[in-house]
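Here are my notes for you, point by point. Keep the viewer open while you read, and click on each residue as it comes up.

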Amino acid sequence: MSVTERVLMGPGPSDVPRKVLEALARPTIGHLDPVFLRVLDETQTRLRLVFGTQNALTLPVSATGSAGMETCFVNLLERGDHALICRHGVFGGRMAEVARRAGAEVTLVDAPWGKAIDPDDVAKAAKTREFKVLAVVHAETSTGVLQDLSPFRGIADSCGAMLLVDAVTSLGGVPVEVDRLGIDAVYSGTQKCLSCPPGLSPVSFSERATEVLSTRKTPVQSWYFDLNLIGRYFGGERVYHHTAPVNMIVALHEALRLVLEEGLEARYARHREQALLLQRGLEALGLELPVDESERLPPLTLVRAPEGVDEAAVRGRLLANHGLEIGGALGELKGKAWRIGLMGASATPRHVELCLGALAHELA
């Protein structure tokens, strides 16, 4: 297999720093090797810092971001529980499907694609009954919408629910602040703003969520994602559950070091600044940005393809002629828009300039 290096500016994965790739290529050691267990503990500590939490149950699930979603739902929900789920794109819809498969009764609160969820609509739905979980997508990867999470703890309290958040495209690029916002369960992915290869899904559970998990009436639906079992390996007992993906965790350990070395506030500012440069440049090319500026997600920008332009053909030419990958749209927007990522190591002036120049060339 021979692959020319790409410039990754799609919805993920993002460019991976050389130091992270070098960490990934270090010799494989055992998942109970003392050196690896030290790396494991440090990785959990670094994840807590990036998540903004002191939650003991904070760890990387051995699978990609969608597995983090499933981990959160199957651990917190039992058959017959009620879940209130916010849907304003593909991933809110996916949360609903995972909750249903876990046996929950799902109530949906919808917003149009490209818009944030209206908290008043959620508050109204919360008055209809008690719920076990209130779930919301912080950064909707399918539309480039950033959801303000600040009202949702109060809404969750009003209906007795735990607050569950999808932070796949926000962690490391936008403040998540798990403890300050009162989030009970959160999941993310390594391949977005953390700039690590895909393969792990960081999750974090509050004390309340951990208590719910430990007092379930029935076993967790998924043996592989059962945090009652997995937590005994990560929590210090080192009880075998599955063989940890050693090299991937070593790579995440290094990726998190780079995040914290840069500093979270500096990293968030970099994502905001480069997103603004990109968005101004796209508008100068006459391209429409469907998401309101106040709701745009800095790590991912939605761009409407001009009328009569084959968006897939443009993406193909960008890859073939410029080595540049951007993403197509999903769901209702498929074939009508592009998704341009500025995540982690891909959020630089060089990336912005290359993307704008290549798009201008191909559209001309």
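This is a predicted model: local features need pLDDT of at least 70, side-chain atom pairs count only at pLDDT 80 or more; totals for chains, interfaces and linings use all residues.

1. Which residues line the largest cavity? Select Thr143, Gly144, Gln279, Leu289, Pro290, Val291, Arg296, Leu297, Leu300, Thr301 and Leu302, and you have the lining. Sorted by class, that lining has 6 nonpolar, 4 polar and 1 charged residues. Strand S11, residues 300-304, gives the largest share of the lining, with 3 residues.

2. Stay with Leu300 for a moment. Leu300 is part of strand S11 and is also one of the residues lining the largest cavity. Is Leu300 buried or exposed? Its relative accessibility is 1%, and buried means under 20%, so Leu300 counts as buried. Now find Gly10: along the chain, Leu300 and Gly10 are 290 residues apart, yet their C-alpha atoms are separated by 8.2 Å.

3. Zoom in on the pairing of S13 with S14. Strand S14 covers residues 337-341, and S13 pairs with S14 in the antiparallel sense over 2 bridges. For a landmark, look for Gly328, which stands opposite Trp338 in S14.

4. On to the rings. Searching the whole structure turns up 2 aromatic pairs. In one of them, the ring centres of Tyr224 and Phe225 are 5.1 Å apart and the planes meet at 65 degrees; planes over 60 degrees apart count as edge-to-face, so this pair gets that label.

5. How far apart are the ring centres of Tyr233 and Phe234? They are 5.3 Å apart, and the planes are at 80 degrees, so this pair is edge-to-face too. Here Tyr233 is buried, with a relative accessible area of 3%, and Phe234 is buried as well, with 5%.

6. Next come the charges. Side chains of opposite charge can pair when their charged atoms come close. How many salt bridges are there? The count comes to 22 salt bridges. One of them joins Arg180 to Glu177, with the closest N and O atoms 2.9 Å apart. Arg180 counts as exposed, at 59% relative accessibility, while Glu177 is partly exposed, at 31%.

7. Arg280 forms a salt bridge with Glu283, where the closest N and O atoms are 3.4 Å apart. Why are these two separated by about one helical turn? Because Glu283 and Arg280 are 3 residues apart in helix H11, which spans residues 264-284. Each is partly exposed: Glu283 has a relative accessible area of 37%, and Arg280 has 37%.

8. Arg280 also forms a salt bridge with Glu293, and there the closest N and O atoms are 2.8 Å apart. Glu293 sits in the loop between H11 and S11 while Arg280 sits in helix H11, so this pair ties together parts that are 13 residues apart in sequence. Glu293 is partly exposed, with a relative accessible area of 46%.

9. One last stop among the charges.

Technical notes
Residues are numbered from 1 along each chain as its sequence is written. Side-chain values use heavy atoms; hydrogens and water are left out. On a 1 Å grid over the protein atoms alone, a cavity is a set of points where a 1.4 Å probe fits but cannot get out, and a pocket is an open set with protein on both sides within 12 Å along at least five of seven lines; lining residues have an atom within 4 Å of a point. Helices (H or I, at least four residues) and strands (E, at least two) are DSSP runs, numbered from the N terminus. Ala, Val, Leu, Ile, Met, Phe, Trp, Tyr, Cys and Pro count as nonpolar, Asp, Glu, Lys and Arg as charged, and the others, Gly among them, as polar. Rings of Phe, Tyr and Trp (its six-membered ring) pair if their centres lie within 6.5 Å; planes under 30 degrees apart count as stacked, over 60 as edge-to-face and the rest as tilted. Buried means under 20% relative accessible area, exposed over 50%, partly exposed in between (1.4 Å probe, protein chains only). A salt bridge is a side-chain nitrogen of Lys or Arg within 4 Å of a carboxyl oxygen of Asp or Glu. Two strands pair if DSSP finds at least two bridges between them.
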